[in-house]
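Reader: I've got the model open and want to go through it piece by piece. Can you take my questions as they come?

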Amino acid sequence: MKVYKPGFIGCGNMASAIIGGIKQAGITELYVFDKDMEKCRAFDGATICKSVDDVVKSADIIFLCVKPNILPEVLKEITVEGKAFVSIAAGITVEKIRELLRPAARIMRIMPNTPLLVGKGAICIQMPTDLSEGEQIFIEEIFSAIGIVEHVGGNLMDSVTGVSGSGPAYVYMFIDALAKAGAKHGLPEDVSLRLAVQTFEGACEMLKQTGDTPSQLIHNVCSPGGTTIEAMKIFDMNETRGIIEWAVDACVAKSKELSK
Ligand SMILES: NC(=O)C1=CN([C@@H]2O[C@H](COP(=O)(O)OP(=O)(O)OC[C@H]3O[C@@H](n4cnc5c(N)ncnc54)[C@H](OP(=O)(O)O)[C@@H]3O)[C@@H](O)[C@H]2O)C=CC1
Ligand SMILES: O=C(O)[C@@H]1CCC=N1
């Protein structure tokens, strides 16, 4: 694999997670810039740059890791031609980034999620990309070290955001509600939370290892005349699946709105 020098503009949550992956892939030369210099100092061994343009000059592939509303002003600061950029910004299309960048810039759009931080990320790459084959292999290598990598066409990136980009928040909410319900029924809060977390982890592992569908596995838990079926009736009566669909609709709609 050809090795490239990565650079980061914005050193918050997601940049920290991606830098973790870069280090696991054995890459040590990297360049960082954040308007808050303290955040740059957290990355041992990284070269701290003085400006956005300084990162772009020094690195080969630049990860754009600022919030979507900040991205246009950051892109306008770039004067260096011909570099490769990877954007993780929700809702900002490749076309919009291209409009704001120097003409010869090459762009890849991806949607990661925060479990990257613990090596369990879900990363989706929009295809096709402007990056060379070597650059693309390099990016896939980095992300494969900290998660699974999927590929979709550009018109599906908002849908990816609705499922895996924002998805960790939905899962945390479900776990929190389950643990709190257990505490209401007398379990110590910490015990209830550990049971809820392990239940999620175990259920996910069952999906992966058995290859069964979620419906088959639900059926296996629901004994006829038993306890689970009573809980499932409440979910169905309250259209829980419809509510999840509604929430994802809202998330995808916001992602589309950001891209206008
Ligand atoms: N968080 C998530 O779950 C996910 C986020 N994303 C995308 O990742 C991107 C980054 O999100 P996240 O890491 O959570 O955000 P953070 O706020 O944690 O990180 C962004 C960093 O950029 C800094 N910054 C702001 N303005 C500038 C500037 N002009 N130049 C350099 N640095 C600047 C911020 O500093 P300060 O805080 O001082 O403003 C902050 O340190 C977003 O575009 C988001 O859509 C994608 C998938 C999942
Ligand atoms: O909420 C957000 O806008 C970002 C993008 C996906 C997850 N967090």
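Reader: Which residue just after H1 takes a positive phi?

Author: This is a predicted model, where local features need pLDDT of at least 70, side-chain atom pairs count only at pLDDT 80 or more, and totals for chains, interfaces and linings use all residues. Residues are numbered from 1 along each chain as its sequence is written, and chains are lettered from A and ligands numbered from 1 in the order in which they are written. H1 covers residues 13-24, helices (H or I, at least four residues) and strands (E, at least two) being DSSP runs numbered from the N terminus. Just after H1, with a phi of about 85°, comes Gly26.

Reader: What covers the buried residues of H1?

Author: Buried means 20 or more other C-beta atoms within 10 Å of a residue's own, exposed means 12 or fewer, and partly exposed is in between, with C-beta atoms placed from the backbone. In H1 the buried ones are Met14, Ala15, Ala17, Ile18, Ile19, Gly21 and Ile22. Their cover includes strand S1 (6-9), strand S4 (61-64), strand S7 (121-127) and helix H6 (133-144).

Reader: Which residues come nearest to ligand 1?

Author: A residue is near a molecule if its C-beta atom, placed from the backbone, lies within 6 Å of it. Helix H1 gives the largest share of this shell, three residues. By class there are 16 nonpolar, six polar and five charged residues; Ala, Val, Leu, Ile, Met, Phe, Trp, Tyr, Cys and Pro count as nonpolar, Asp, Glu, Lys and Arg as charged, and the others, Gly among them, as polar. Of the 27 residues around ligand 1, those that come nearest are Gly10, Gly12, Met14, Ala89 and Ala90.

Reader: And what surrounds ligand 2?

Author: Here the shell has one nonpolar, three polar and no charged residues. Ligand 2 is surrounded by Ala90, Thr161, Gly165 and Ser166.

Reader: Why is helix H7 largely enclosed?

Author: H7 runs over residues 157-165, and the rest of the structure largely encloses it because seven of its nine residues are buried. The cover over them includes strand S6 (106-111), S7, strand S8 (147-153), helix H8 (167-184) and helix H12 (240-258). The buried residues of H7 are Met157, Asp158, Val160, Thr161, Gly162, Ser164 and Gly165.

Reader: How many residues of domain 1 are in contact with domain 2?

Author: An automatic or database domain assignment sets the bounds, giving domain 1 (6-153) and domain 2 (167-258). Their C-alpha centres lie 33 Å apart. Contact means C-beta atoms, placed from the backbone, within 7 Å. Five residues of domain 2 are touched this way, and the count on the domain 1 side is seven.

Reader: How much helix is there over residues 155-258?

Author: UniProt, in an unreviewed entry, lists this stretch as "domain: Pyrroline-5-carboxylate reductase dimerisation"; its positions are given in the numbering used here, feature names are shortened, and annotations may be inferred rather than shown by experiment. The end C-alpha atoms are 14 Å apart and strand makes up 0%. Helix accounts for 83%.

Methods
Contact = placed C-beta atoms within 7 Å.
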